[in-house]
Amino acid sequence: MARATRRSRFGLPDVFLQEPKQREDELTAETVKNGFTFKPVDGLLEHEGFKGQEFFKNADEGILEFFRIILLKKEENHTMNDSTKRKPPTINKAHFWPLMGPRTAKTFELWLSLLASTESLGKLAKQVPIILKKEDVFQHLYEHNVSLVRACWYIKMLALYHSANNDSKQKKRHVATDPCTEWTRITIEILKDVFDRLIKESLQSQRATPISDMSTNHTPDLPNDQHGIPLTPGSMNSQYTPLTPQMHLALTSTNLPTDKTRRQWDYYNRLLRILFDQGLLDRQTIVEWIVDTFIDRIKNNDDINLRYLIPIIFQFSSEILEYEIFSRKIAFYCCKRLGQYHTDINQPVNFNNLLACPQHRIIIYSLSAIIQCITLRCPAALLYNNPIDDPQKSDTLLLNYGSPLDFLPCSPSQLPLPIGIDQQLVKQMLVQAENEIRSRSHAIEHKWSTEKLQQSISGQTISRILVVLEILDEFKEEKYLLDSVYNKIYSNTFKLEPITTDIEIEVIHLMCDWAITTSRHGVYRSFFIARLLERRQNELKTTRLQEINDAIDDKDSNSSANTQMSPFQTALMEYLLKKAPYIDETSINDADLSQSFSSLVMLFSEFVRLNLFSPMQFMCHLVANGLVPITNDNHENNSTHMITNHNGQYKQHVYNPMIRHDTSSNMDLSFDRRQGNTLIDLDPLEAMNSSPSTTPKNHLRQTSKIELHRNPHQSNEEFMNQQRNRKRCLFYMEQFAYPLEEDFRDDFNQRKIILFGITPKREEAKRQLKTNVRLLSSLFKLRSCLETTTESPPFTRPTPYASYFNIRKSIVSLSHHDQYYVTNRVSKLLIERLTNFIERRTSRLPWLDDVAFLFELMEKSLNLSGLIQTCVDILRIFSRIESMGSLKASPGMYSYRFELYLEITSIFRFYTPVLILTPSNMIQVFENLIQITQHIQDPVRTTSVERALLMLMHDSYFSCPYIKSKYMDRVTQTIALIKKELYTQSSQ
């Protein structure tokens, strides 16, 4: 029997891998005496961090240094080298050999045959022939029928070789050479030569063909989808085959060029397209040559050769439509040519006869498609311009006519459309574009920009508005530029203008439109415009006070009362009544209108807070104009005097939740800040628990049931306008928020009387508002807060999503005014709780989840000023902990404090453009940041929250000039250290 084989032991061999320098081979006094002993990790060290151990003393520095090297290498790899400073390309000359006449002609022919075959390009690249005369490259590629991709590769190799040789000759002073310029010139020369031969052969064929044969010659009828025109409206896809086989068949006749010249022209055009796409040619030069050649054939009425250019125009249509001048030139000659086919102006335009003719069919369809594409994609090329009668500029095409459409016998939508597309949809798009062209041309025809009109009031108003709009659009939100923008808008030439002028009122309306439009980005715009107008108002009041002080007579002294009134009141009320967005039953689902209205609420709430807009004067204006009449149906007392509520509270009925829109999409994506911090997103929960019965969508609840009695002398239109103005004003009065200050108590009471009267509805609204305040305040009651003495750190608990959902659902159903009131009241309660804890009056703190939830509600209620002020106060309170050693050293307070800092920092980061507009708040924040971070010696060896605070301090220092001027001597070294350690990557 055969001997059984030895089975191998399962698993790896029981040996240790040996290394050249290992501890087992060391011969020291200890190892000689006791042998090698393995020392495991200390048991205590196993269950604690490595901080403070000697063998990790310098490990963090090495890791950080290694990480810096990685970042620098990554930045180096991702940085594009400057073409003016790049090194000359180097090539291996052994892989290239020049074509030296007949001796190498056979080898060159063999190499081109391999290039035309499926031979590997890597193998062919080892021996690349160089044609010294670049003009012959296209001819050789065509004769050997090289595919377009391989032909493009060969041209790239030639460009690389010639570019390397040119750079190597310029050793003393390197000047970067662009091979695109040279190859563009050669390509255009070759195409010109072939096209000239096409024209010449066409003329010879026409002369050799009798007239009778030409008249009886018939081109085959083409299908509607083979006319060389696009089937997609407004765009034509780039193709490498300019002519279809059917068009080749249509063009094959006795009066056309030979097949060889036509095939050569087609090959060169397809090669032109792929070279163009690969970036080997100058784009503008190629497009300009195509446009000029096409226009030249139209001028000469050469329909036969024009057919060879029409497919190229379609191929490069997307590039041509990017140039307004080229589009205008082509549109002019196409319209002019189509206009020549319609000579009888008394007859309606009809191209049916021409479409039945094979000779004109392609021309009519193609020229119509070109005009329609320009109409859809580049309507600016068809606008009306005032013709300029200048003998010295008689040849300037763009100055001698109004619009290219003036030469077209009909509108572009009435031109023939190809079969195979949705003609009804394309016509609708064309009609819409025509209306846009017509309206813009009408505005140009008004000639408001001429010197004569600029001297008029309307011309001055338009010019002033354009200047202000340009200044506002150039504003950068990252820095405090209020002084700079104000000095540009209200320069010395405009500071002395009276506020009652039409120009100044239009400027104010423009600022309001710029603040609320959906065509601009940034939630800061409302606050920025409010600060601009506040500064303008202060300047006007100062000027008026100086005039009053200089006056002596009583007539002038009586005007002192006007200085206490807002100078912008009339302009802002006019804006509300005529231009401001308004949501009614017909526009409740308009997203853009809802977003504009949200911005309007923030804008006028800020106006009210800064005393730029007086709600009391607005309500008096409504009562004086009969928009809110006092009737017995709504009031128990007919008197119109204000009734003061000593409790300082005001209420309103439950507001329709459909008016409240989700500010996550309306406030310029303001809730993206929640994705990176502890804010709680209740949107999925709300969508899951909401039902159609709880969200009415069919109507808006009216703000008041006060009905206007119609005057018998009023017309229906006047009465309807008065009704609309009444609803509009009551709607604004219901939504605009008032600050919780003693100065606005009368405004609160007057608002309640106008909206509800002295009826049970007023008490019902008051009770509803109290309920919501109590509901939100329940989160910050002492028994609901965190007990720091019994809870063990870190302070965590299950998030009460159900409670949050109910509170949020109740709050967002209120009007913006009531939401502002509720969130401000509860934010004051939060500040009181935190203050009591810091002052050791209580050991309870609000839960961080509840604080984050309140911040979210304040954002959704558009109470950004209250949110920022609350965060400033919290940071001021907690900065006092730095001087309280025992409280600061508490483990629980350490995590609580830093999580709260992170939440506040995220809010300051997101709303920095709003925060820096208030210097007092910004200075307070910066002072608190200095106190919190004063113990940090090395910005690198800090926690992530401390680094966030340091970076916020750094950015605030460079964003606000008033911060830099005040703290320059105090924090210069700290800021320099932060910039060096934390901004290394951005500064390099």
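Trainee: Which residues does S959 touch, not counting those up to four places away in sequence?
Mentor: This is a predicted model: local features need pLDDT of at least 70, side-chain atom pairs count only at pLDDT 80 or more, and totals for chains, interfaces and linings use all residues. Numbering runs from 1 along each chain as its sequence is written, and side-chain values use heavy atoms, without hydrogens or water. With contact as heavy atoms within 4.5 Å, S959 touches E478, K479 and Y480.

Trainee: How far apart are the C-alpha atoms of S959 and K479?
Mentor: Along the chain, 480 residues separate S959 and K479. K479 is also one of the residues S959 touches. Their C-alpha atoms are separated by 4.5 Å.

Trainee: Does S959 count as buried or exposed?
Mentor: S959 is in helix α41, residues 944-959. Its relative accessibility is 13%. Buried means under 20% (exposed is over 50%, partly exposed in between; 1.4 Å probe, protein chains only). So S959 counts as buried.

Trainee: Which residue's backbone oxygen does the S959 side chain reach?
Mentor: S959 belongs to α41. Its side chain reaches a backbone oxygen at 2.7 Å. That oxygen belongs to D955.

Trainee: Which element gives the most to the lining of the second largest pocket?
Mentor: That pocket holds about 490 Å³. Elements giving two or more residues to its lining include α23 (525-550), α26 (591-609) and α34 (816-838). With six residues, the top contributor is α36.

Notes: Helices (H or I, at least four residues) and strands (E, at least two) are DSSP runs, numbered from the N terminus. A polar contact is a pair of N or O atoms within 3.5 Å; within protein, one must be able to donate a hydrogen and the other to accept it, and residues adjacent in sequence count only if both atoms are side-chain atoms. On a 1 Å grid over the protein atoms alone, a cavity is a set of points where a 1.4 Å probe fits but cannot get out, and a pocket is an open set with protein on both sides within 12 Å along at least five of seven lines; lining residues have an atom within 4 Å of a point. Grid points are joined across faces, edges and corners, and a volume is the space filled by probe spheres set on the points.
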